[in-house]
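Here is a short note for a colleague who is new to this structure. Please keep the sequence and the model open while reading.

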Amino acid sequence: MRKLYVNISPLFFVCFIFFSSFSTRAQAPLFVSAVVENASASDVVVTFDDNMVETDGDGWTISGVSGSPTINSVSASGVDITFTLSGPVAEGDIVTISYDNGTGDAADDDPTPLASFGPSGVTNNVDGTGPSFASAVVENAAADELKVSFDEAVNLTVADGFSISTSSSGAVITGVGGGSGTTEI
């Protein structure tokens, strides 16, 4: 019986142990959250734990939106992927998002492909109710101004749709102004 002796240098052994302790496979990015904000009700913003790259909307399904809008565009910026829908999410919609990596090509910037997930809930911060009338007052210091207050901030630049009735004639709306929940007519 013959014995085979192999001379392994100590440097090779140390390098082997050092490099084998590191994984050569990167971890797939993980879904963190998804949200739709009131200010941009057609945008579903999905956040991951790593910077993302997305070339198209293939593989993604967004469900539970009134009117069943389609995905118009997709953009990635840092850890977020934003899906712009063909119609807005409404208040009360129970929105979900899912991804199928068999038909999609989303990946992080390594590029490690995104694993299939979902359906996962999307936080819906859309407030579909408009402002409500709170009060109106004419003050002595500015008797020619009617201050109308609402229950939330309004952005009113024209007086279209408003009219004033008085016991005397001649009330005409000449302009609007104000801020933070109050509109002056």
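**Notes on the fold, point by point**

1. Phe-117 counts as buried because its relative accessibility is 15%; buried means under 20% relative accessible area, exposed over 50% and partly exposed in between, with a 1.4 Å probe and protein chains only. Trp-60 and Phe-117 form an edge-to-face aromatic pair, 6.0 Å centre to centre with 70° between the planes. Rings of Phe, Tyr and Trp (its six-membered ring) pair if their centres lie within 6.5 Å; planes under 30 degrees apart count as stacked, over 60 as edge-to-face, the rest as tilted. Trp-60 sits in strand S4 and Phe-117 in strand S9, so this pair ties together parts that are 57 residues apart in sequence. Trp-60 is buried too, at 7% relative accessible area.

2. A word on the source. This is a predicted model, in which local features need pLDDT of at least 70 and side-chain atom pairs count only at pLDDT 80 or more, while totals for chains, interfaces and linings use all residues. Residues are numbered from 1 along each chain as its sequence is written, and side-chain values use heavy atoms, with hydrogens and water left out.

3. How many aromatic pairs does the structure hold? There are 7. In one of them, the rings of Phe-48 and Phe-117 have centres 6.3 Å apart and planes at 75°, so the pair is edge-to-face. This pair links distant parts of the chain: Phe-48 is in strand S2, Phe-117 in strand S9, and they are 69 residues apart. Phe-48 is buried, at 2% relative accessibility. Ring pairs join Phe-31, Phe-48, Trp-60, Phe-83, Tyr-99 and Phe-117 into a cluster.

4. Next, the core. The largest nonpolar core has 22 residues, and those with the most contacts inside it include Val-44, Phe-48, Trp-60 and Ile-97. Strands S1 (31-37), S2 (43-48), S4 (60-63), S6 (80-85) and S7 (96-99) are the elements that give two or more residues to this core. A nonpolar core is a set of buried Ala, Val, Leu, Ile, Met, Phe, Trp, Tyr and Cys residues joined through side-chain atoms within 4.5 Å. Helices (H or I, at least four residues) and strands (E, at least two) are DSSP runs, numbered from the N terminus.

5. Now the sheet. An open sheet of 3 strands runs in the order S4-S7-S9, with antiparallel pairing. S4 and S9 (117-121) are its edge strands, each pairing on one side only. Two strands pair if DSSP finds at least two bridges between them. S7 and S9 pair in the antiparallel sense over 3 bridges. Ile-97 has Ser-120 in S9 as its bridge partner. Leaving aside neighbours within four places in sequence, Ile-97 also has contacts including Phe-31, Val-46, Trp-60 and Phe-117; contact means heavy atoms within 4.5 Å.

6. Finally, two Asp residues. Asp-43 is in strand S2. The side chains of Asp-43 and Thr-84 are joined by a polar contact of 2.9 Å (a pair of N or O atoms within 3.5 Å; within protein, one must be able to donate a hydrogen and the other to accept it, and residues adjacent in sequence count only if both atoms are side-chain atoms). Asp-43 and Pro-88 are 45 residues apart in sequence and 7.7 Å apart in space, C-alpha to C-alpha. Asp-93 lies in the loop between S6 and S7. Is Asp-93 buried or exposed? Asp-93 counts as buried, at 11% relative accessibility.
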